[in-house]
Each structure stands twice: as C-alpha cells, then as structure tokens.
Amino acid sequence: MADWSKLPDDLLKVIAKRLNSAEDYASFGAVCKSWYSIFGDKDCGCSGLKSPWLMLAEKKDSDMRQFYSPLTSKVYEIPVPEATGKWCWGSPHGWLVTLGTHFEMSLLNPITGIYIPLPSLHACPHLNVPEKSQSSDIFIYKAVLSSSPSSPECAVMIIYSDYGRLAFTKPSQQTWTLVESEYGPVEDIIYFDGSFLAVNMAWEVWMYDVSGSEMKAIHFAAAPVVHEMDEVEYQAKYLVEAGGDIFMVIRNLYDTARTDVPYMRTWTFSVLKLHMSSKVWEDVEDMEHSTFFLGNNHSFSTSASDYPEFRRNTIYFTDDYCGFLDIPRHFDMGIYNFPDTQIQHYPVGHEALSVFSAPLWIKPSFS
C-alpha cells in the first residue's frame, strides 16, 4: 500500500499550485503533516478568489482552530499553535494580528503557519503598557493591516487604551509610533486608498497618512446627522469600503442589564454612504449587491457577483465587546438581513465559551 506521506515535495508543490480554493487547500493539508507543511513554501501560491471564513473561538487545551466555510458549509480544523492563548484580529488579507498576555504582538497566517513578530508594546514606553495583563484584550481594542506583509509598505495600526488612542508600526520597525490626536477617542479604523481612516466617538472621520516619515492627520468627513433610538444603549460605529465608496455602519446595541450574557446585544444596523465629492453622508436603504463583515476584524465587504455563497444586502457580524466581562460566555454574532431587519444565527460556533477568544472573519491567503 502506498505511503502518501512520502511523496516528494516537488510533486506536492505541483499539486498545490493546481488547487483553486482555500477549501481545497484545507482538504489537501488535512492528509498528513508533510502535505500541510508544504504551505510554508512561498512558491506554493493559490490563485482565484478566497471566500471569507469564520474563525471560531479557541477550545480549551487545544492548538487546533476551527474555520467555518459558508462556501462548503463545512468546518475545517487547522493547527494554529501560535494563536493559542492570544487575542486575535482578522483581516481581508489572510493574516491575523495577535496579542499575548505579555503584550507581545505578531502577524500570523493561520493557514500557512508563517509568523512575523511585531515590536513588543513595551518597546514604546509612551504607550504606558502594564507589565502583564490577564485581560490584555481590553488594552488593545482593534488592530488593522494595510496590506499583506508581503508588501514592503505593510503597516499595522491599533486602537489602544480606554481613551481610544492610535499607534502604528511596520514589520521592519523596532517600535511603535504614537499618533497624536486631539479629536477624541477612536472607535474604528480601516485602510483605504493609501491611508488609514478612523471614526471617533464624535462621528467624525479623520485620515492618517503613514507613508512618510511624519504622520499627517487630515479631516476627512464631518459627522453625519444621526437620530437617537429608544431602547438603544450604545451605537457602535464601523467604517467599510465597498466598490470604492466609504460607508459608516451603526450597530445599535441594547443592554441586557447583565441578566444575560452577552450583556450587550445587537438590535439593528443603520448604514450611511459618504458622497466623496461633497463629503456628505446619506442614509442607505439598500446595500444592493454588497455584503459587509464587521466585528473582531478589519471591516471589509464582498460583492454577491464574486461570492454568491453570501447573501447580498446583509451584514455578517461578530462580537467585539467580549473583553468587558471576565467570564466564559457566548457571543453576540449573526447575519443581519438589511431589508427586513431580522437577525439569523450562524450555523456553527454557538457552543463555544471563551473569556477573550471571539470568533472573527478572515479571507484566507497563501502569501
């Protein structure tokens, strides 16, 4: 009987290059360790579009992470030991940004296992980082990548501290650079057209150019007119790029008065579109062919024509408030149907309990 684990690496690379989807790669890598290890080779690229995956919460005493693919409606198990015990943020570039309890940070491709250290937060004394934290997720609220680390211009920006401050670094740098801001706590950041965009608690959008030696902050868009809603405890703000346009998504949350967990639950979403010429926000009644992915990840969108497995005019969201209660708990996540305002649960991931390891959306990559 043939021993498939003994196939030569050159032959495995030829086979791998003919695979057309992340799902094919997951099945290929599940054959044995030698087949999976071939993904660490930079020449093993995968062409074609990568359908977003939902990375599920960490399981106790396990280095395996589960990834749900809506394309196949299957859950794939992949060893990701570098993410064990760490807080993670997803991205549309296929990489995670990870944070450990000693505030060590890295970029990690969960599919290939490639790991790129980032400067420790302690390398920047002005961040006022504690020596150690048992809930380090509360210190870093979000981390966003400008591109894949394969690009020399790759940069990472974080929202840190209870005051919603910004800092950034690049994989080639030795420290973090603080972004001085007098414009209030930041709630969300994305990378758009060569710069980072940030929305603050005052609903204003600012643009940050990190390409030069000095950080430049430019007022990008004024606050929209937002109507208060009864029963809404908090309105979280997200920025999303879709088809070259900028959208502000408002997540209306209500308080369960801590009688249940999660203690903040999503009620509805509102969507605004920015007219780029006038910089005026307009209410959106129909997201047309777009699908938004929000939560514990760099917010991104897909088109129904490219990804028919995702329903158009919907928002796939995960829980990005799970650090506020230091108890194992379920997550506020689901699929929001924009036309009828109904929320549908994901078919997987609801049995997991975790203090910090929230599910997140990621677009798999092999580079």
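## Cysteines

Cys88 is buried, with a relative accessible area of 5%. Cys124 also counts as buried, at 5% relative accessibility. These values, like the others in this report, come from a predicted model.

How many disulfides does the count come to? The count comes to 0 disulfides, where a pair of cysteine sulfur atoms would have to lie within 2.5 Å. In general, a disulfide is a covalent bond that links the sulfur atoms of two cysteines.

An open sheet is formed by 4 strands, in the order 4-5-6-7, with antiparallel pairing. Strand 4 (87-89) and strand 7 (115-117) are at the edges; each has a single partner strand, so one side of each has no neighbour in the sheet. On average, neighbouring strands of this sheet are turned by 25° against each other, with direction ignored.

Strand 4 is joined to strand 5 (residues 96-99) by 3 bridges, and the two run antiparallel. Within this part of the sheet, Trp89 stands opposite Val97 of strand 5. As a general point, strands of a sheet pair through backbone hydrogen bonds, either parallel or antiparallel.

Is strand 13 (residues 195-200) mostly covered or mostly open? Strand 13 is mostly covered, as 6 of its 6 residues are buried. Ser195, Leu197 and Val199 point one way from the strand, while Phe196, Ala198 and Asn200 point the other way; all of them are buried.

Strand 13 pairs with strand 12 (residues 186-192) in the antiparallel sense, over 6 bridges. Phe192 stands opposite Ser195 of strand 13. The hairpin of strand 12 and strand 13 has 2 residues between the strands, and Asp193 takes a positive phi near 55° in this hairpin.

Strand 13 is also joined to strand 14 (residues 205-209), here by 4 bridges, and these two strands run antiparallel. The bridge partner of Ala198 in strand 14 is Trp206. In the hairpin of strand 13 and strand 14 there are 4 residues between the strands, and Trp203 has a positive phi near 75°.

Another open sheet is made by 5 strands in the order 21-20-22-23-24, and its pairing is mixed. Which strands stand at the edges? They are strand 21 (300-303) and strand 24 (342-344); each has a single partner strand, so one side of each is left without a neighbour in the sheet. From one strand to the next, the twist averages 25°.

Inside this order, strand 22 (residues 314-317) and strand 23 (residues 334-337) run antiparallel and are joined by 4 bridges. Thr314 stands opposite Asn337 of strand 23.

## A nonpolar surface patch

Met229, Tyr254 and Trp267 make a nonpolar surface patch of about 250 Å². One of these residues, Met229, is found in the loop between strand 15 (216-221) and strand 16 (234-242).

Is Met229 buried or partly exposed? Met229 has a relative accessible area of 32% and is therefore partly exposed, as the range for that class lies between under 20% for buried and over 50% for exposed.

Key. Residues are numbered from 1 along each chain as its sequence is written. This is a predicted model: local features need pLDDT of at least 70, side-chain atom pairs count only at pLDDT 80 or more; totals for chains, interfaces and linings use all residues. Side-chain values use heavy atoms; hydrogens and water are left out. Two strands pair if DSSP finds at least two bridges between them. Axes are lines fitted to C-alpha atoms, for helices over the stretch in contact, and angles run from 0 to 180 degrees between N-to-C directions. Patches are made of residues with over 30% relative accessible area and no salt bridge: like charges are joined within 9 Å, nonpolar side chains (Val, Leu, Ile, Met, Phe, Trp, Tyr) within 5 Å. Accessible areas come from the Shrake-Rupley method with a 1.4 Å probe; for residues, only the protein chains shown count as cover. A salt bridge is a side-chain nitrogen of Lys or Arg within 4 Å of a carboxyl oxygen of Asp or Glu. Buried means under 20% relative accessible area, exposed over 50%, partly exposed in between (1.4 Å probe, protein chains only).
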